Amino acid sequence: MNRAFAALLLLPALSLFLPAHTLSAQEIALTNRPWSGSVLMESGGPIVPLFDGWYPNPEGGYTLCFGYYSVNWVEDVTIPLGPNNYVEPAEYDGAQPDFFERIPERPYSYRRRYCVFPVVVPESFTEDDRVTWTLQRGREEALSVPGKLVLAYRLDEPTSPGRGDIAPGVRVEANGEEAVGRNGMFAGPTAARVGEPLELTAWVEHPEDEVWVGWAKQNGPGPVEFSEQNTMIDPATRTASTTARFDEPGTYLLRVQSIDDPVEAFEFHCCWTNVFIEVIVE
């Protein structure tokens with residue numbers, strides 16, 4: 001598809017996305033452009049922040065879930081945390097990704113990245129309150145999405161009684177704490193060294209034998225190379241493993257997601273587990 005034509009077709013989904021700065025006279029606001037969800041390109045396309053929905057927490061308060069959609073099927077994109085990648089109010093800023101993966105290849109052909117970070121808000125959070133994630137790639141128009149307690153966006157968590165589904169239990173240490181659901185847990189810190197592989201293993205509990213585990217960089221100062229980004233658990237050991245290699249020192253956050261079917265189950269917005277691993281690279 002001609003790139004100029006593709007650019008005219010791009011806008012955020014429905015009315016969730018709000019332009020975050022004033023446009024010049026020559027530009028057409030994304031909210032005024034015709035939309036086609038099938039518009040893809042090799043590279044150069046935007047990263048669209050998405051509000052996946054919310055659910056009440058058993059211990060009180062609510063969780064708002066945010067994901068993203070990349071229209072790039074070859075290029076991975078980095079948008080550092082800061083003025084082009086931030087969450088407001090500022091107290092919720094910092095856990096969002098700065099690395100945005102290309103559209104997955106088959107057989108892992110889920111269309112986008114679901115709930116890559118949760119935001120936990122207190123019981124005092126009302127339908128009038130908002131948590132907003134803003135992304136801007138280079139000189140492109142900034143895109144913002146508000147997270148809010150709208151009834152139509154309430155999600156099943158961590159089980160879906162109607163579908164008989166349940167989020168996997170995930171541990172990242174053999175005898176460590178188990179996470180279940182999108183709130184998941186933060187693990188670490190784990191030590192690593194530049195250029196040396198860091199072995200990572202997920203121990204997974206789920207009624208099904210075919211369970212997917214995905215590994216990704218959440219944020220950090222440099223790229224992270226995984227030996228395997230998409231793995232299925234070994235039914236005998238109930239584990240999935242990969243190695244991560246870092247090119248630059250600093251503090252990183254890695255994301256582990258697990259679900260029984262990454263193609264179909266993600267799109268029902270239930271039921272999977274997130275784990276975030278802090279890694280300090282020397």
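Start by selecting C270 and C271: a disulfide joins them, with the sulfurs 1.8 Å apart. Keep in mind that you're looking at a predicted model. Show the side chains and check the S-S torsion, which is about 85°, so this disulfide is right-handed.

Next, jump to C65 and C115. Here's another disulfide, with an S to S distance of 2.3 Å. The torsion about this S-S bond is about -50°, so the link is left-handed. Colour by strand and you'll find C65 in β3 (residues 62-70) and C115 in β7 (residues 113-121), so the bond ties together parts that are 50 residues apart in sequence. C65 is buried at 0% relative accessibility, and C115 is buried too, with a relative accessible area of 0%.

Count the bonded cysteines along the chain and the pairing reads 1-2, 3-4.

On to the sheet. Select β13, β12, β15, β19 and β17, in that order, and you've walked across an open sheet of five strands with antiparallel pairing. The edges are β13 (179-180) and β17 (224-226); each has a single partner strand, so one side of each has no neighbour in the sheet.

Last stop: zoom in on β15 (residues 198-205) and β19 (residues 239-246). These two run antiparallel, joined by six bridges. Which residue of β19 is the bridge partner of E199? Pick T243 and you've got it.

Key
Residues numbered from 1 in each chain as written. Predicted model: local features only at pLDDT ≥ 70, side-chain atom pairs only at ≥ 80, totals over all residues. Heavy atoms only, no water. Pairing = 2+ DSSP bridges. Helix = DSSP H or I, 4+ residues; strand = E, 2+ residues; numbered from the N terminus. Disulfide = S-S within 2.5 Å. Buried < 20%, exposed > 50% of the residue type's maximum accessible area, 1.4 Å probe, protein only.
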